[in-house]
Amino acid sequence: MEGPVEERLCGKMKIGCGLHRYNLKDVFTWSLLKTILMGQVLSLLICGTAVSCEYLTHAKVETPMLQSFLNYALLLFTYTTHLSTRTGDRNILQILKTNWWKYLGMAIADVEANYAVVKAYQFTTLTSIQLLDCFVIPVLMLLSWFFLKTRYRVIHFVAVAVCLLGVGAMVGADILAGRDQGSTSDVLLGDGLVLLSAVLYAISNMCQEHTVKNLSRVEFLGMMGLFGTLISGVQLVVLETRAVGEIKWDVHISMLFVVYTLCMYALYSFMPVVVKMTSATAVNLSLLTADLFSLFCGLFLFMYKFSALYIVSFVIITVGFIMFNAVPTYSVLPEEPAEASDDPEAQSSSDQLLLSADNDTQRTETLTANDTP
């Protein structure tokens with residue numbers, strides 16, 4: 001009798017986790033490998049921004065709003081210009097008439113999130129920033145649950161816990177290596193800024209996921225470029241006019257600004273592609289390895305001290321990311337009509353998503369009925 005009982009318990013556990021219809025061949029697919037690789041490309045781009053910022057800091061250049069402004073201006077020059085050439089219902093004038101306030105709010109969240117986390121380095125330590133910045137993941141999952149109607153299984157929560165364990169290993173390695181950089185002038189204020197940036201990033205990422213999956217990547221980036229340029233431009237004039245005037249421009253400083261701007265532009269351009277393939281939560285999990293890439297670069301560029309825990313952390317985060325993407329999430333609501341999207345397959349993918357959810361429910365009910373004596 002123990003055998004059948006154990007099989008029933010295992011079966012119910014697999015159903016709860018969403019694993020009842022998956023084997024290794026279903027999990028380790030080319031799509032998953034592509035998702036992992038694309039996520040690491042995003043991490044490498046963030047690494048590029050971190051390294052260039054490090055060099056700018058060494059050169060006594062601290063102008064986060066100027067750096068953000070250059071990125072948004074480049075988005076404006078490319079994507080907003082492209083959006084202006086559109087005709088039909090989703091042209092730029094129609095978007096501004098109906099949804100300008102939504103994109104304004106999204107841009108405010110994005111600009112202020114970038115500013116708050118950079119400002120936090122003046123008040124708190126790197127360790128606090130690395131730990132508290134992970135707050136974006138549970139906040140994003142909560143927002144996705146209520147506003148995007150995304151539903152997670154047990155395996156997704158376990159995967160997030162595994163990824164956060166990897167972050168803990170990374171922070172432990174930093175402490176052992178003596179790399180607790182940053183300031184301690186006002187730790188409480190600095191930690192509050194990190195938490196604020198995490199909430200704002202979660203809001204921005206949730207809006208990004210909704211826009212790119214239901215409307216289009218070009219619309220998201222075009223509106224982000226337009227409103228991001230306006231907001232960051234105003235803040236640049238108010239907050240950093242003196243700091244910009246004190247920059248001693250040369251080829252080295254100019255190249256650092258170019259590298260930072262191009263990495264940020266590529267990150268903003270490429271991230272919606274990955275978000276559309278997976279989700280904003282999955283992307284943020286993959287970005288947890290960005291600090292590790294920065295550390296590996298720092299071993300050669302800034303003579304950081306190496307610790308084997310960095311490798312352990314990278315492996316743990318990667319395992320958690322694979323676990324999260326092994327079983328897809330689903331939405332309890334259909335996507336917006338396909339005619340509102342640039343992608344003609346949007347409605348088809350929405351129908352397949354709902355059908356998949358219905359099939360999962362039917363399989364669960366069937367297996368449960370079969371287990372009943």
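K60 is exposed, with a relative accessible area of 75%, where exposed means over 50%, buried means under 20% and partly exposed means in between, for a 1.4 Å probe and protein chains only. The model is predicted, so local features need pLDDT of at least 70 and side-chain atom pairs count only at pLDDT 80 or more, while totals for chains, interfaces and linings use all residues. Residues are numbered from 1 along each chain as its sequence is written, and side-chain values use heavy atoms, with hydrogens and water left out.

K60 sits in the loop between α3 (30-58) and α4 (64-84), and its phi is near 65 degrees, a positive value in a residue other than glycine. Helices here are DSSP runs of H or I with at least four residues, strands are runs of E with at least two, and both are numbered from the N terminus. Another residue with a positive phi, about 60 degrees, is K149, which is not a glycine either; K149 belongs to the loop between α7 (136-147) and β1 (150-151) and is partly exposed, with a relative accessible area of 27%.

Turning to a helix, α14 (residues 290-301) has 12 residues and reaches 16 Å from its first C-alpha to its last, close to the 16 Å expected at 1.5 Å a residue, the expected span being 1.5 Å times one less than the number of residues. Among the buried residues of α14 are L292, F293, L295 and L299. The cover over the buried residues of this helix includes α3, α8 (154-176) and α15 (308-326), where contact means heavy atoms within 4.5 Å.
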